[in-house]
Amino acid sequence: MKNTREKALQIINDVLYKGAFLEESLEILKKSNIDDRDYNFIKEITTGVIRNRSYLDYVIKINSSVKIKRIHKIILTILEMAIYQMYFLDKVPDYSIVDESVNLATIYGNRGSISFTNGILRSISKKDAPQVKIEDSIDNLSVYYSHPKFYTEYFYKNYGEDFTKRLLKANNEKPPFTIRVNTLKTKRSDLIKNLTELGFEIEETIYDNALNILNPKGIIDTKYFEEGYFYVQDLGSILVASFLNPKENSYVLDLCAAPGGKSTHLSEIMNNSGKIIACDKSKGKIKLIEENAKRLGVKNIETLVNDATILNEDFINKFDYVLVDAPCSGIGLYRKKPDIKWNKDIEDIRELSKIQTEILDKASKYLKDGGNLLYSTCSLSKIENENVVNKFLENNKNFKIKKLRDREVLKLFPSEDGSDGFSITLFEKIGL
């Protein structure tokens, strides 16, 4: 690619200011036959800048004679990219970073912005990465670790400073590449042996059939992936189905099932017996479930286009188990999707909680007496979890919570559990 930095600039600008998603933008780039080295460089810079945005802007603020609000967005992004490379990468010398940044400013700016870019970056390049010096502890942590203030404030006040620091730090780290062994087709020990022989380094996790691959490049191209011996899935997502733990020959409903990771895991737990109705609201998403089920050798899944917010009369009192992995803010996924930090605010979360409450209410009507309903989100917010759960229990006296690890709402944290952030609650329907 002629100018990798220019492409990185375009992606960051699209994500921060035009509503694009980083993961999708990088996936499109990857499919463009780009050289691996160029792709990895662009991914590193775009992800790094978006992940560390608040800190990078802090560095600019304390070094700039121009207020940050008056710096043109494109020039601001050029500065963020340069500072990220100076402070977080060590492959490119600072003088080269400054020169490349000035070249970008020449393309996208004017004479004044070119001079400004050159001057501020030359000054910053002579200094060590600064500590954040903000009197308010929450603001300090939010800026240093580049997190929304509402997020930092919640954990600081409810879990304490040390826990919050560990969580914010973990959110900024590269997540592990985790796979779920598909026991419908292979044994854990056999898959470990086969992948190890191909040169893959494997790390065990707290869940037997979840494995971290330390050098995953090329693993999707192996016959073991193509033949469905494993499924790429985060540990937290894997644990969701394991907590529902349906018995063989059960009748199970997965209301928000795409792309099918949890549905196919439920099938595995049930040893391909019984039936799983896997739903989502679009044909495109249903197709993803079907493709994954076919590759994994799953025989007991039936897919259905269904809007989880609308009551389905055909489902009422039919199922032994119901899984609601609800649409959510995704603020437990900051490690994988750092752009969520900047495109979801507290109002978005409140709006989502209304949808979650609606879906959970409909799901409760589909369960037989004595059946289990599992509610999960890849969010750690109280609004989307404890508040939704408490409201549900107030309106549904025929349900009780079954504790998971002695907790009514089980939280999984990147800093404590090595997984994405998840919240999981298991209910049992009791006869009144």
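Q: Which hand does the crossing of α9 and α10 have?
A: Two packed helices are described by the angle between their axes and the distance between the axes. In this predicted model, α9 passes α10 in a right-handed crossing. The axes of α9 (residues 149-159) and α10 (residues 161-171) cross at roughly 145° and come within 7 Å.

Q: And which residues of α9 and α10 make that contact?
A: From α9 you have Y151, T152, F155, Y156 and Y159, and from α10 there are E161, F163, T164, L167, L168 and N171. Sorted by type, the residues of this contact of α9 with α10 come out as 7 nonpolar, 3 polar and 1 charged.

Q: Now for another pair. At what angle do α5 and α7 pack, and how far apart are their axes?
A: Here α5 (residues 73-88) and α7 (residues 111-125) pack at about 20°, and their axes are 11 Å apart. Angles under 35 degrees count as roughly parallel, so α5 and α7 are roughly parallel to each other. Their crossing is right-handed.

Q: Which residues of α5 meet which residues of α7?
A: On the α5 side look for I75, I78, L79, A82, I83, M86 and Y87; on the α7 side, for S113, F116, T117, I120, L121, I124 and S125. The residues of the contact of α5 with α7 split into 11 nonpolar, 3 polar and no charged.

Q: Zooming out, what share of the contacts with a separation of 6 or more comes from residues 24 or more positions apart?
A: In this protein, such pairs account for 72% of those contacts.

Q: How many helices and strands does the protein have, and what percentage of its residues is buried?
A: You can count 19 helices and 12 strands. Of the 432 residues, 53% are buried.

Q: Last one: what radius of gyration does the protein have, and what would a compact globule have?
A: A compact globule of 432 residues would have a radius of gyration near 22 Å, and the protein has 24 Å, which agrees. Along the principal axes, the C-alpha atoms fill a box of roughly 75 × 50 × 35 Å.

Note on methods. Residues numbered from 1 in each chain as written. Predicted model: local features only at pLDDT ≥ 70, side-chain atom pairs only at ≥ 80, totals over all residues. Heavy atoms only, no water. Axes fitted to C-alpha atoms, helices over the stretch in contact; angles between N-to-C directions. Helix = DSSP H or I, 4+ residues; strand = E, 2+ residues; numbered from the N terminus. Parallel < 35°, antiparallel > 145°, perpendicular 65-115°, else oblique. Left-handed = near helix turned anticlockwise from the far one by under 90°. Contact = heavy atoms within 4.5 Å. Nonpolar A, V, L, I, M, F, W, Y, C, P; charged D, E, K, R; others polar. Rg over C-alpha atoms; globule rule 2.2 N^0.38 Å. Buried < 20%, exposed > 50% of the residue type's maximum accessible area, 1.4 Å probe, protein only.
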